[in-house]
Amino acid sequence: MRTLNEIREGDFALFLDRKRRKYIARVIRGERFHSHLGFVKMDDLVGKEWGITIYTSKGEKLHVLKPRISDILYRLKRRTQVIYPKDAGFIIVNAGIGPGSLVVEIGSGSGYLTSLLAFYVRPNGKIISYENREEFLRLAKSNVKALGLLDVVEFKLKNAKEGIDERNVDCVVIDIGDPWEVLDNVREALKASGTLVSFSPSINQVEKTFLKALEKGFVDLEVYELLCRRILVNEERTRPDSRMIGHTGYILFGRKAVRAVSYTHLRAHETEA
């Protein structure tokens, strides 16, 4: 009887060696995973439990772990600078994106953020991703498909500056060079109180987008920059890693406000009721 924690053919597997190096490969019967440590027969993994320890043809020990989406995603092909997990996770949480959300993405890029958004809106949510460069759209679609998330993503080869087809959208995420140029269309697509997210690498872009968003009636506007540094732990000396993920971009959040209703109008409505 199969269990939920069982390695199945077609799964991606993460191999972790004694130096904490990671390798990703798909489990296909009849194939082998090769590295400088030797090879592993994929047939030997099918039906086994995730987390097992195996030995290569050279006697090297490997842990076989079930990969997280980030383990797989950041090893796929890319043609553009991608949004890092530290930024993507912050966007998802602060934008209130979850199962059932309808999200429009402007700028598919290599499909990295598209995939993460799709992963969290499953099973009944939807990502609509706009991209005006055909070669980027093809790569993004290929990466999303590799992760098995294509059923919740719709790609559109269209410039969002020309219009956004969807309405009553929960969130719009913008990752293009001139986000201020699409704010009218974003506002029209969002539901009342829906969330605007814009990711930009330069402070000049953020400033221009922030001021334009104020002008267009967005409220609760905030901008963040996230820095991430790993801590190296051992018995003799625990210290921060000398390398870190520093500046990657600025994240702007805002919400769509609707036309104010006057106090007099509210009182009249209550009286009529």
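Colleague: What makes helix α3 (residues 112-121) largely enclosed by the rest of the structure?

Modeller: This is a predicted model, to be clear from the start. Eight of the ten residues of α3 are buried, so the helix is largely enclosed by the rest of the structure. The buried ones are Y112, L113, T114, S115, L116, L117, A118 and V121. For the chain as a whole, buried residues make up 43% of the 273 residues.

Colleague: And what does the chain hold in helices and strands?

Modeller: Seven helices and 15 strands. The C-alpha trace spans about 80 × 45 × 40 Å along its principal axes.

Colleague: Why is C171 called buried?

Modeller: Buried means under 20% relative accessible area. C171 has 1%, so the label applies.

Colleague: What about C228, then: buried or partly exposed?

Modeller: C228 comes out at 35% relative accessibility.

Colleague: What does the pair of E188 and R167 tie together?

Modeller: E188 lies in helix α5 (residues 183-189), and R167 in the loop between β9 (153-157) and β10 (169-174), so the pair ties together parts that are 21 residues apart in sequence. E188 is partly exposed at 46% relative accessibility, and R167 is partly exposed at 39%.

Colleague: Why is D184 with K216 a salt bridge?

Modeller: Their closest N and O atoms are 3.0 Å apart. That is within 4 Å, so the pair qualifies. D184 lies in helix α5 and K216 in the loop between α6 (203-215) and β12 (218-224), so this pair ties together parts that are 32 residues apart in sequence.

Colleague: What makes K216 partly exposed?

Modeller: K216 has a relative accessible area of 21%. Buried means under 20%, so K216 goes down as partly exposed. D184 is partly exposed too, at 46%.

Colleague: And how do you know that D241 forms a salt bridge with R230?

Modeller: The closest N and O atoms there are 3.1 Å apart. With the cut-off at 4 Å, the pair therefore counts. D241 sits in the loop between β14 (239-240) and β15 (250-256), while R230 is in the loop between β12 and β13 (231-232), and the two are eleven residues apart.

Colleague: Is D241 buried or exposed?

Modeller: Buried: D241 has a relative accessible area of 11%, and the cut-off is under 20%. Its partner R230 is partly exposed at 47%.

Colleague: Which residues do salt bridges with shared partners join into one network?

Modeller: K156, K158, D165 and E166. A search of the whole structure finds 16 salt bridges.

Colleague: Which residues form a positive surface patch?

Modeller: R20, K22, R68 and R75. Lys and Arg count as positive, and patch residues need over 30% relative accessible area and no salt bridge. R75 has 43%, so it passes the area cut-off while being partly exposed. You'll find R75 in the loop between α1 (69-73) and α2 (85-94).

Colleague: Why is R20 called exposed?

Modeller: R20 has a relative accessible area of 65%. Exposed means over 50%, so that's the label for R20. R20 is in the loop between β1 (12-16) and β2 (22-26).

Colleague: What is the phi of R20?

Modeller: Positive, about 70°, although R20 is not a glycine. Most residues other than glycine have a negative phi. D220 has a positive phi too, near 55°. D220 lies in strand β12 and is partly exposed, at 43% relative accessibility.

Colleague: What makes the peptide bond from R122 to P123 cis?

Modeller: Its omega is near 0°. Most peptide bonds are trans. P123 sits in the loop between α3 and β8 (126-131).

Terms used. Residues numbered from 1 in each chain as written. Predicted model: local features only at pLDDT ≥ 70, side-chain atom pairs only at ≥ 80, totals over all residues. Heavy atoms only, no water. Buried < 20%, exposed > 50% of the residue type's maximum accessible area, 1.4 Å probe, protein only. Patch = residues over 30% accessible without salt bridge, like charges linked within 9 Å, V, L, I, M, F, W, Y side chains within 5 Å. Areas by Shrake-Rupley, 256 points an atom, 1.4 Å probe, with all protein chains shown as cover. Salt bridge = Lys/Arg side-chain N within 4 Å of Asp/Glu carboxyl O. Charge placed at Lys NZ, Arg CZ, Asp CG, Glu CD. Helix = DSSP H or I, 4+ residues; strand = E, 2+ residues; numbered from the N terminus.
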